[in-house]
Amino acid sequence: MIWLLLLLLVSPAQAQPRSGYLDAGPDSRAMQDDDTANPAFLWVEQGKVLWGSLGCGGCHGDVATMRGVAARYPKYDAVLGRPVSLARRIATHRAVPDSEDMLALLAVIGLQSRGLPLAIDISGPARPSYEAGKALFHRRQGQLNLACANCHDDLAGRHLGGAVIPEGHPNGYPIYRLEWQALGSLERRLRQCVVGVRAVPWADGSRELADLEFFLGARAAGLVVETPAVRP
Amino acid sequence: MARTLINVKKTLTRGEAFEIRLLIAHPMESGQRRDSNGQVIARDIINRFSCTYNDMLVLEATLFPAISANPYLSFWAVATETGSIVMTWTDDHGTVQTERVEVTVSA
């Protein structure tokens, strides 16, 4: 009887989401655990400077007041009728000079929410966007004819080449990816994955990408923000 | 790009061993990659690094192209006197960057 209960607890695929941190390997984990060894903090420092120079503090005060914000994004915007990412929200307030600067801002704002559980609100009018994102996640596409779910739900924990397939949660973005040797956004990661199955990636700012990111955020419910994470 | 993160304990007791850690934002272009037109991307790495503690050499290093972007350096020194730790590095463009950290040593 107890044995059966244990089996039930262990077997469901998405009972408790598993952070990519656990699949990243001891070296990457050590880099992420030590803020003085995590190269993403070079961007965090730049983000602190930009927070001042772009005048964000004029309305928001200290960047520490942003605690909890990154955990709520992407957030459904009732006026626009679609989910908006944190980057898009920042861009509506301030013209951010270039993408490196945007990454720096995302890193410093995301860092304020580190350790807080993701809290994406998918209730009410946001529900259709969540469903649309979920459909995209399960839609086969590209020459390899693979859906996100084929690997990141069904085969998570198994291997693709030498690498462990993570569940694909967005709780650490922007991440310092060792392969990139740089900080990169969730959009960049998704683009790589989509190109990997030889499909045409969604355009930046497209509705599909917004819905998918929204779904991914809700799918990772239960995980805490790790920004800025280190991944292989 | 002259961003650097330096981590040194600022207050020390004499005889204490302390760690000096730094992360330098640098592309560390190896000189072996080609751009989309097939042209070799010129090598651009930090090739020389040195660290002194009150003008006494702690570490001098020659760096090579196999080191990844944004290199992380970590080494140890022993606290002797109150003074400054000066770190200097040079890259292939001839850019010299110097960073200084003041440490206080009590008996």
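Contact here means heavy atoms within 4.5 Å, and that cut-off is the one to keep in mind when selecting neighbours in this predicted model.

Start with A:Asp211, which sits in helix H10 (residues 207-219) of chain A. Colour the residue by accessibility and A:Asp211 turns out to be buried, because its relative accessible area is 5%, under the 20% at which the class of buried residues ends. Next, show what surrounds the side chain: leaving aside residues up to four places away in sequence, A:Asp211 touches A:Pro83, A:Ser129, A:Ala132 and A:Gly133.

Now turn to the aromatic rings, of which the rule finds 6 pairs over all chains. Select A:Phe137 and A:Phe215, whose rings form a tilted pair, with 5.2 Å from centre to centre and 55° between the planes. Since A:Phe137 belongs to helix H7 (residues 127-137) of chain A and A:Phe215 to helix H10 of chain A, the pair ties together parts that are 78 residues apart in sequence. A:Phe137 is buried, with a relative accessible area of 2%, and A:Phe215 is buried as well, with a value of 3%.

Moving to the other chain, select B:Phe18 and B:Tyr53, which form an edge-to-face aromatic pair with 6.0 Å between the centres and 85° between the planes. B:Phe18 lies in strand E3 (residues 17-24) of chain B and B:Tyr53 in strand E4 (residues 46-53) of chain B, so this pair ties together parts that are 35 residues apart in sequence; both B:Phe18 and B:Tyr53 are buried.

The last stop is the interface, where 12 residues of chain A are in contact with 12 residues of chain B. About 1000 Å² is buried between chain A and chain B, and carbon and sulfur atoms give 59% of that area. Highlight A:Thr36, A:Leu42 and A:Gln181, which supply 58% of the area that chain A buries against chain B, more than any other three residues.

Finally, select helix H3 (residues 40-53) of chain A, which with 5 residues gives the most to the side of chain A that touches chain B. By class, that side of chain A has 6 nonpolar, 4 polar and 2 charged residues.

Terms used: Residues are numbered from 1 along each chain as its sequence is written. Chains are lettered from A and ligands numbered from 1 in the order in which they are written. This is a predicted model: local features need pLDDT of at least 70, side-chain atom pairs count only at pLDDT 80 or more; totals for chains, interfaces and linings use all residues. Side-chain values use heavy atoms; hydrogens and water are left out. Buried area is the accessible area (1.4 Å probe) that two parts lose on being put together, summed over both. Helices (H or I, at least four residues) and strands (E, at least two) are DSSP runs, numbered from the N terminus. Ala, Val, Leu, Ile, Met, Phe, Trp, Tyr, Cys and Pro count as nonpolar, Asp, Glu, Lys and Arg as charged, and the others, Gly among them, as polar. Buried means under 20% relative accessible area, exposed over 50%, partly exposed in between (1.4 Å probe, protein chains only). Rings of Phe, Tyr and Trp (its six-membered ring) pair if their centres lie within 6.5 Å; planes under 30 degrees apart count as stacked, over 60 as edge-to-face and the rest as tilted.
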